[in-house]
Amino acid sequence: VRRFLLDRAAACQAAGVERENIALDPGLGFGKQVEEELALIRGTGRLAESGYPVLVGSSRKSFIGRLTGVEKAADRDPASAFL
C-alpha cells in the first residue's frame, strides 16, 4: 500500500499537481478483513515518514463495529475519534 501510494503521488506530481496538494489515504474499509485494517493503521507512521500528510478516514467503519461489538454505525463515533 505504501509503495502504491507513493507511486501514485509521484505520478500526480509528474502530471503537475503540487506536492503540498497531495495527501496519502491508506484506504480503510472497502471490504478488508479486520486484521488488514489494523495493519494499515499500524503502517500510518511509515506513510507519514514519506513527508506527505496522511488522511485516515476511519469514521464509523464496519471494522470498528466488529472490533468493539457496536453494531449501529452512529454509535461508533467515540471509537472513530480514537483512531
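Reader: What percentage of the contacts in the protein chain with a separation of 6 or more comes from residues 24 or more positions apart?

Author: Contact means that heavy atoms lie within 4.5 Å, and in this protein chain residues 24 or more positions apart account for 48% of the contacts with a separation of 6 or more. Please bear in mind that this is a predicted model, in which local features need pLDDT of at least 70 and side-chain atom pairs count only at pLDDT 80 or more, while totals for chains, interfaces and linings use all residues. Residues are numbered from 1 along each chain as its sequence is written, and side-chain values use heavy atoms, with hydrogens and water left out.

Reader: How many helices and strands does the protein chain have?

Author: Helices (H or I, at least four residues) and strands (E, at least two) are DSSP runs, numbered from the N terminus. Here the protein chain has 5 helices and 0 strands, following the pattern α-α-α-α-α along the sequence, and its C-alpha atoms fill a box of roughly 45 × 20 × 20 Å along the principal axes.

Reader: Is asparagine 21 buried or exposed?

Author: Buried means under 20% relative accessible area, exposed over 50%, and partly exposed in between, using a 1.4 Å probe and protein chains only. Asparagine 21 counts as exposed because its relative accessibility is 59%, whereas 24% of the 83 residues of the protein chain count as buried.

Reader: Where does asparagine 21 lie?

Author: Asparagine 21 is in the loop between α1 (2-14) and α2 (34-42), and its C-alpha atom is separated by 9.2 Å from that of tyrosine 52, 31 residues apart along the chain.
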